[in-house]
Each structure stands twice: as structure tokens, then as C-alpha cells.
Amino acid sequence: MNYRTASFYREFQCIGGVCEDSCCENWEIDLDEASLKNYMKQEGEFGKRLKDNTRVKEKQFILNGTRCPFLNQENLCDIYIEMGEENLCETCTNFPRHIEEFDNLKEVSLTMSCPEASRIMLAKKEKMTFECMEGTDEEYGLKHILPVKSFAFWKKQHVNKLDKPLFDILFALREQIYAILQNRNMPIGRRAAVILLGAGEVQKLIDQNDYSQIMEKMVSYKDPEKIDSLNTLFEKYENRVAEKEAWMKQILNMYEGLETIKEEWTTILHEGMSIMHSGEDMKTMLIASGLVKEEESGEEISSFLRNYAIAYQEFQHYYQEKEYEFEHIMVYYIFNYFLGGAYDHDIFTKVKFAVVSYLVILELDISVWLKQQKEFIYEDQVLVAHAYSKEVEHSYNNYESLQLVLSAHPILDMEHILLAIAKLMFIFLRLYILYSSITGTFALLVARSGTKFAANCSLSTGGSKAPVYGICTICTIQYTISISFAITCMEKKVDKQGMCDI
Ligand code: SF4
């Protein structure tokens, strides 16, 4: 059997008792048949404890509140201590490994729902790489792995039958997706938008059973000319603050509807919703962080949307150096789930899952950053990304519901997600005002200096000398527009949609 893993796979070691998040808390572990039999035949005091704490029919331990009954006060596992590692059930042995199986290939990742695994992954500045080697389950720390069952069963029947020709194509296609996601010459949002567009096109071909053009289609999204041509398309979505804010609010509400796996996630989510989507909290946080002055915070609706855009722009600027963390997060979700498309023929949902996960984690990061008055460190990212993963990947029901919504709900169509990814323009606006002020001042000088000076001006004419009669026309027009633009913006002429009225 071949095993494909991320290259840091073997760095993982469970930190056990010092882990801030025991994996067996809030988790109803399903016992495999062999382990259940083994536990039920144990004798003595520990055998009695095993029997007293197991629901044999349901094949589950009886939780002690939210804790596994064998998780002791030091957060160590008593089964491990009393019976040895080899007697742990499949689930406990395998965690935090996520396994997907395709014919003679097993892909094994370290799930981010384990904070230590998240820490290892997010600490790497370099691009995530993968390696494939022959091996055995034991060598990869695995026990009795059953073939993967695809979750996305609603799209097509017979989903557990691997479509081998499609698998081969998707395997190569995934490399193209990594290449786009890891192209650090593009902002991370743009990379997310490109893979989303590409996946949408590829999905159409899969739906038509036309596999022959799939590679060509995706490879074209790596072509610089194609990327350039997408600029016009992406611009259509930029700066639509009100729509983005409303969409993110709906998405966070949707996550709120999932079953709670860990209270910490609920706290992060609720605080995020309140900070990012209640005008008052956002205003308070921005004032406390010095991003907005108290006297600026009047005009309620427009200033709320302006503040929302400012929060995004300022955080993305602040966290620019660590953009690779979001890259890793998307690569991680693509690695774990994308090839499942060879079972259910639905790759678009898998890509949406990666992109929406990035968007939700980003927004929650911003709320934590605001709450901590413009401070957000690596451990904060570990906390948010890990809590998110635990909520959506650690529960079959949550994963299944989320995939269903991602595949079918109209608010999760291409248009809406592109809109949510697109840039908000407030920094651009500020730079424009700065640029305008400089060129405006220059134009004023030109105007005051008369023909001689203006005749030598090459700034606004792209290098050639300006043919002038006293005043350089281009500079003057630009000056007039610039000043009125700047004044209007200073008066905050932002409409209810968060768009600059000019
Ligand atoms: S969450 Fe990870 S590090 Fe913590 S106890 Fe579980 S496997 Fe170990």
C-alpha cells in the first residue's frame, strides 16, 4: 500500500497531559467491534470499570458529562495506562489522523482539530509539500482502517465506487490547485477566487461526463494572461461592503446552527458575530484600537459599513506577512477532501469548503484581533483554526450538514462567494486621496508658476512635454477632481450600501 502524507507528518507527537484540548472531551467515541469485545472480557477492578462505563448496544462509553470516563484528572487515558497503547480502540489510536483511501493509496493527514497538529502545520513558512511512500498502517501509526465512505452522497448514487479515470485526472488537477494556492505573487484572496472559478468550470465538465478537457481548463487558470483577464471580473465584486457583510453574517449564523462540539468554538463564534456584525461592538473595538476616532463614529449605518471595511483592510495589512497560514489552511482542506470527488463527482463543493473555511477563519481572526486591540499572534491562529476544524470535522453530523448546504444553498453559489472574497477598498481609497493630494498640490504649483514651468511638466503627459497655454490642463482637471474627491470622502459620503457616492 502507498501512503501519501504532508512532509511534516512524522513531526507529530501527542502532548497528552499538557494538551489544552483533550481529544476525548465532547466526543462520543464509537467503539469498533474488536475493541468492544476486548474491553468486555477484561477482568478485575479495571474490567468492572470498563463494563460499568460502556453502553454495549450502542458501542459507546458513557460520558462523564462531556468527558470520556477513562480520561483522568491529569488528562491522561486510563485505558492506555492500564492496558497499553495497543489496546486503544481504532478511533483513539488513529486520532488525530484523517484517512482517505483510494485503491492502493491511503492519504493520511494530521487533522487540525488537534491543536498540536495545527501548531505544527501553521508554524511552517515554507509551502506545504507532500510525499508518497510504500508502507504499512503500523508505520503510519494507524489501526484497522476501513475504506473511506464519501460523505457527499446526495449528489450521485453509487458514490462509494471509485471512478478511476476521474481519480487520475483529479489527482493531477489537485497539484494545479496547490500551485495556484501557493503562488505567493498573488494575494491570498485572489488565489482563493481563482481556484473557485476553475473548480466551477471543471465541475461543469464532470457533470457532462466530459473528462478530456478538465486538465486543460484548470491549467489555463495558471496562465498569467488568463489571471490578468480575470482582474476585470474580480473588480466587479470589489468594495460591495454591505453585501459582503450581510453574507458573512448569514454564514456565521449557519455555523451557529451546527451541533456544539466544543464550548470554546461557540465563544469564538458568538464574540465574532457580535464584534463584526453589531455596529456598537465594532465601533467600540475600533475606537479602543485607535483605528477610528470617537468623533468620527456618528452616521450609524454608513459608518458601520465603513468600519467593517476598515477592520478587514487594517487586519489584512497587519497580517500580510503571515498570509501563508491561510494558504496552508486551504491546502489542508483541499488535501483532505478534494479527491473524494472521485467517489461522488462533486469537486466544486470540496473547493467551496476550503474557500469558505478560509473566509470564516479570517473573519473570526479579525474579531479576535480587534478584541485584543490589534494583537493577533500565531497561538491565536492555532486556537481559531483548531476550534473551527473541531466543529466541522470532528462531528459527522456537522460535516454532513455543512457539505449539504455548501453543495445546494443559493447563498453559497459562485457569485456570493466571489463577492465575499473580494477586496474592500478603503486603504485604496486612502492611497488615492494621498496620491491626489500630492498631484493636486503639484498642479496648483504648476498653475501658479505660469507657462514656463508648465511647459516643462512631463508628469501628467506620460513623459512628453506638455503643450500648454499658461496652465497644464491635465493637472488642473486632476487637481479639481482630487480635491473634491478628498473633501467628499472626508465628509464620509458613504451611502447605505457602503459605497462611496462619488
Ligand atoms: S488533541 Fe492532539 S495533542 Fe491533544 S491529546 Fe489529543 S492527540 Fe494529543
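Leaving aside neighbours within four places in sequence, which residues is Met 282 in contact with?

What we have here is a predicted model, where local features need pLDDT of at least 70, side-chain atom pairs count only at pLDDT 80 or more, and totals for chains, interfaces and linings use all residues. Residues are numbered from 1 along each chain as its sequence is written.

Okay, the overall picture. The secondary structure comes to 22 helices and six strands. Helices here are DSSP runs of H or I with at least four residues, strands are E runs of at least two, and both are numbered from the N terminus. Of the 502 residues in the protein, 37% are buried. Buried means 20 or more other C-beta atoms within 10 Å of the residue's own, exposed means 12 or fewer, and partly exposed is in between, with C-beta atoms placed from the backbone. Now contacts: two residues are in contact if their C-beta atoms, placed from the backbone, lie within 7 Å. Among contacts between residues at least 6 apart in sequence, 73% join residues at least 24 apart.

Back to Met 282. Its contacts, with those close sequence neighbours left aside, are Ile 275, Met 276, Phe 304, Asn 307, Tyr 308 and Ala 311. Met 282 sits in helix α12, residues 279-288, and it is buried because 25 other C-beta atoms lie within 10 Å. Met 282 and Leu 370 are 88 residues apart in sequence, yet their C-alpha atoms are 8.3 Å apart in space.

As for Val 384, not counting residues up to four places away in sequence, it touches Ile 268, Ile 361, Leu 364, Asp 365 and Val 368.

Another methionine to look at is Met 248, in helix α10, residues 241-256. It counts as buried because it has 21 C-beta neighbours inside 10 Å. Leaving aside neighbours within four places, Met 248 is in contact with Met 276, Glu 363 and Ala 420. Met 248 and Val 356 are 108 residues apart along the chain, with their C-alpha atoms separated by 9.8 Å.

Now two helices to set side by side. Helix α6, residues 164-181, has 18 residues and reaches 25 Å from first C-alpha to last, close to the expected 26 Å. That expected span is 1.5 Å times one less than the number of residues. Its buried residues include Leu 166, Ile 169, Leu 170 and Leu 173, and the buried residues of α6 pack against α7 (188-207), α8 (214-220), α14 (323-337), α15 (341-344) and α16. Then there's helix α9, residues 224-235, with 12 residues and a reach of 17 Å, close to the 16 Å expected. How many of the 12 residues of α9 are buried? The number is zero, so α9 lies largely in the open.

Next, the ligand. Around it are Cys 14, Ile 15, Gly 16, Cys 19, Asp 21, Ser 22, Cys 23, Phe 95, Pro 96, Cys 114 and Glu 116, where a residue is near if its C-beta atom, placed from the backbone, lies within 6 Å. By class, that shell has seven nonpolar, two polar and two charged residues. Here Ala, Val, Leu, Ile, Met, Phe, Trp, Tyr, Cys and Pro count as nonpolar, Asp, Glu, Lys and Arg as charged, and the others, Gly among them, as polar. Phe 95 and Pro 96 are joined by a cis peptide bond, with omega about 5 degrees. Pro 96 lies in the loop between α4 (90-94) and β4 (97-102).

Last stop, the backbone. Asn 75 has phi near 60 degrees, a positive value in a residue other than glycine, and it is found in the loop between β3 (60-61) and α3 (78-83). Lys 374, with phi near 65 degrees, is in the loop between α16 and α17 (378-393).
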